[in-house]
Amino acid sequence: MAKKITGFIKLQIEAGKANPSPPIGPALGQKGVNIMEFCKAFNAKTQKEAGTVLPTIITVYSDRSFSFVTKTPPASYLLKTKLKLKRGSQKPGTEVAGSVPKKVVEEIVETKRPDLTAASQEAAERTIEGSIRSMGLKLDY
């Protein structure tokens, strides 16, 4: 018989750097999860991608055990690292923080392909282009 799920916790955690301080500790503590056990398991699984921000979905079961799934990094994080930006525009729509070539958009789509719900390559690119515009960046094509 399957375990009964008592809840889900969604966090964005830097790979290989989970620790019991906020926001991880309080979020897991509220559900009764062993915080250090999660931190050790997460750090061991994500050690190869150290430094990358990973959205993580933690499933908590009735016996206080857990399982977790990591997703691909957010589009905004990938854009900032590929373009070597500290942040996007303070006033998107009026200020431009930089420009993004088509090649970078295609690379990000390929990286995020497992998590995108787009039916086609063009739809996936439009999704990433929306993130680009919301960050105050300009498309180069």
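**Entry 1. Helices H3 and H4**

I began with the pair H3 (residues 75–83) and H4 (residues 102–112), whose axes come within 11 Å and cross at roughly 135°. I took axes as lines fitted to C-alpha atoms, for helices over the stretch in contact, with angles running from 0 to 180 degrees between N-to-C directions. The model is predicted: local features need pLDDT of at least 70, side-chain atom pairs count only at pLDDT 80 or more, and totals for chains, interfaces and linings use all residues. Residues are numbered from 1 along each chain as its sequence is written, and side-chain values use heavy atoms, with hydrogens and water left out.

H3 and H4 are therefore oblique to each other. For this term I kept to the following cut-offs: angles under 35 degrees count as roughly parallel, over 145 as roughly antiparallel, 65 to 115 as roughly perpendicular, and the rest as oblique. The crossing of the two helices, H3 and H4, is right-handed; a crossing has this hand if the near helix is turned clockwise from the far one by less than a right angle, and is left-handed if anticlockwise.

I then listed the residues in contact (heavy atoms within 4.5 Å). H3 contributes Ala75, Leu78, Leu79 and Lys82, and H4 contributes Val104, Glu107, Ile108, Thr111 and Lys112. By class, the contact of H3 with H4 comprises five nonpolar, one polar and three charged residues. In this scheme Ala, Val, Leu, Ile, Met, Phe, Trp, Tyr, Cys and Pro are nonpolar, Asp, Glu, Lys and Arg are charged, and the others, Gly among them, are polar.

**Entry 2. Helices H1 and H2**

I next looked up H1 (residues 24–31) and H2 (residues 35–46), which pack at an angle of about 125° with their axes 9 Å apart. That angle makes H1 oblique to H2, and H1 passes H2 in a right-handed crossing. Ile24, Gly25, Leu28 and Gly29 of H1 make the contact with Ile35, Phe38 and Cys39 of H2. The residues of this contact of H1 with H2 divide into five nonpolar, two polar and no charged.

Which residues of H1 are buried? I noted Ile24, Gly25, Ala27 and Leu28. Buried means under 20% relative accessible area, exposed over 50%, and partly exposed in between (1.4 Å probe, protein chains only). The buried residues of H1 pack against E1, H2 and E2. Just after H1, Gly32 takes a positive phi of about 80°.

**Entry 3. Salt bridges**

How many salt bridges does a search of the whole structure find? I recorded four, a salt bridge being a side-chain nitrogen of Lys or Arg within 4 Å of a carboxyl oxygen of Asp or Glu.

I looked up Asp63 and Lys3, whose side chains meet in one of them at 3.9 Å, N to O. The pair links distant parts of the chain, 60 residues apart: Asp63 is in the loop between strand E2 (53–61) and strand E3 (66–70), and Lys3 is in the segment before strand E1 (5–14). Asp63 is partly exposed at 49% relative accessible area, and Lys3 is partly exposed at 47%.

Another salt bridge joins Lys17 to Glu14, with the closest N and O atoms 3.3 Å apart. Glu14 is partly exposed at 33% relative accessibility.

I also examined Lys102 and Glu125, whose side chains meet in a salt bridge of 2.7 Å, N to O. Lys102 lies in helix H4 and Glu125 in helix H5 (residues 121–134), so the pair ties together parts that are 23 residues apart in sequence. Lys102 is partly exposed, with a relative accessible area of 29%, whereas Glu125 is buried at 8%.

**Entry 4. The chain as a whole**

I recorded five helices and five strands in the protein chain. Helices (H or I, at least four residues) and strands (E, at least two) are DSSP runs, numbered from the N terminus. The elements run β-α-α-β-β-α-β-α-α-β from the N terminus on.

The C-alpha atoms of the chain fill a box of roughly 55 × 30 × 30 Å along the principal axes. Of the 141 residues, 36% count as buried. Among contacts between residues at least 6 apart in sequence, 59% join residues at least 24 apart.

**Entry 5. Lys86**

Finally, I located Lys86 in the loop between H3 and strand E4 (98–100). Is Lys86 buried or exposed? I noted it as exposed, at 82% relative accessibility. The C-alpha atoms of Lys86 and Leu11 are separated by 22 Å, and the two residues are 75 residues apart along the chain.
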